[in-house]
Amino acid sequence: MHGPASPGWLLVALCAATGAYCLLRMRSGVEEQRRAAGGEALMGFGMAAMAVPPAAFTPPAWAWPAFAAVFGAAALRALWAARTSAHHLHHLVGAGAMVYMAAAMAAAPAHPHGHGGSGVPILTEVLLLYFTGYVLLAGVRLLPVPGAGGAAVAAVAWSDRPEVARACRLSMGIGMLAMLLTM
């Protein structure tokens, strides 16, 4: 992604840490949570790799189509999984956004300074609106519920804590917003 190096490295760290936590969540005893965590780990590490500042590392020309292919396959998997759970529609949008950004980065060397004065592409605007709404909703879901007991929390394994998984998804949504803004 384009932009200054310092925020780029912070985005790399956020996405890599999120991906690492999602790998830990793959140890869950719940099958559906393991599958979701695997997709989220792929997304976190993919976002971290795509966010490395170009001043530090310029990927070879084949890297962007490879990213598009990997996330295209993830989008197809999410589409298939959406038959049973609407949560996978979010994974579909996220993977599609990654394909879109990889395609934009593949075309970027030919057009290094924007889109010829035409402004922000409509798909970028739609994705920005979607992820802004997602981040706001995910943030609200993290707010504590008055009167909720804390005794049941101690019995849940650390990798199965729903509030940490929600925070993980929130951080990936924020990362996606940052990546879309720097396109």
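This is a predicted model: local features need pLDDT of at least 70, side-chain atom pairs count only at pLDDT 80 or more; totals for chains, interfaces and linings use all residues.
Student: How far is the sulfur of cysteine 22 from the nearest cysteine sulfur?

Tutor: A disulfide is a pair of cysteine sulfur atoms within 2.5 Å. For cysteine 22 the nearest cysteine sulfur belongs to cysteine 168 and is 3.0 Å away, and cysteine 22 is in no disulfide.

Student: Is cysteine 22 buried or exposed?

Tutor: A residue is buried when its relative accessible area is under 20%. Cysteine 22 has 0%, so it is buried. Cysteine 15, at 1% relative accessibility, also counts as buried.

Student: Where is glutamate 32, and how does it count on that scale?

Tutor: Glutamate 32 is in helix H2. Its relative accessibility is 36%, so it counts as partly exposed. Glutamate 32 is 53 residues from serine 85 in sequence, and their C-alpha atoms are 10.0 Å apart in space.

Student: How many residues does the chain have, and what share of them is buried?

Tutor: The chain has 183 residues, and 35% of them count as buried.

Student: What secondary structure does the chain have?

Tutor: It has 6 helices and 0 strands. Read from the N terminus, the order of elements is α-α-α-α-α-α.

Student: How do H1 and H2 pack?

Tutor: Read the angle and the distance between the axes together. For H1 and H2 the angle is about 160 degrees and the axes are 7 Å apart. An angle over 145 degrees counts as roughly antiparallel, so H1 is roughly antiparallel to H2. Their crossing is left-handed. Among the residues making the contact are Gly8, Cys15, Gly19 and Cys22 of H1, and Ala37, Glu40, Gly44 and Ala48 of H2.

Student: What are the angle and the axis distance for H5 and H6?

Tutor: H5 and H6 pack at about 155 degrees, with axes 9 Å apart. They are therefore roughly antiparallel to each other. The crossing of H5 and H6 is left-handed. Their contact includes Leu127, Phe131, Tyr134 and Ala138 of H5, together with Arg169, Gly173, Met176 and Leu180 of H6.

Student: Which residues does arginine 169 touch?

Tutor: Arginine 169 is found in helix H6. Leaving out residues up to four places away in sequence, arginine 169 touches Arg25, Glu40, His87 and Tyr134. Take glutamate 40 as an example: it is 129 residues from arginine 169 in sequence, yet the two C-alpha atoms are 7.9 Å apart.

Student: What percentage of the contacts in the chain comes from residues 24 or more positions apart?

Tutor: Among contacts with a separation of 6 or more, residues 24 or more positions apart account for 80%.

Student: What does methionine 98 touch?

Tutor: Not counting residues up to four places away in sequence, methionine 98 touches Met43, Gly46, Met47, Met50, Phe71 and Met176.

How values were computed: Residues are numbered from 1 along each chain as its sequence is written. Side-chain values use heavy atoms; hydrogens and water are left out. Buried means under 20% relative accessible area, exposed over 50%, partly exposed in between (1.4 Å probe, protein chains only). Contact means heavy atoms within 4.5 Å. Axes are lines fitted to C-alpha atoms, for helices over the stretch in contact, and angles run from 0 to 180 degrees between N-to-C directions. Helices (H or I, at least four residues) and strands (E, at least two) are DSSP runs, numbered from the N terminus. Angles under 35 degrees count as roughly parallel, over 145 as roughly antiparallel, 65 to 115 as roughly perpendicular and the rest as oblique. A crossing is left-handed if the near helix is turned anticlockwise from the far one by less than a right angle, and right-handed if clockwise.
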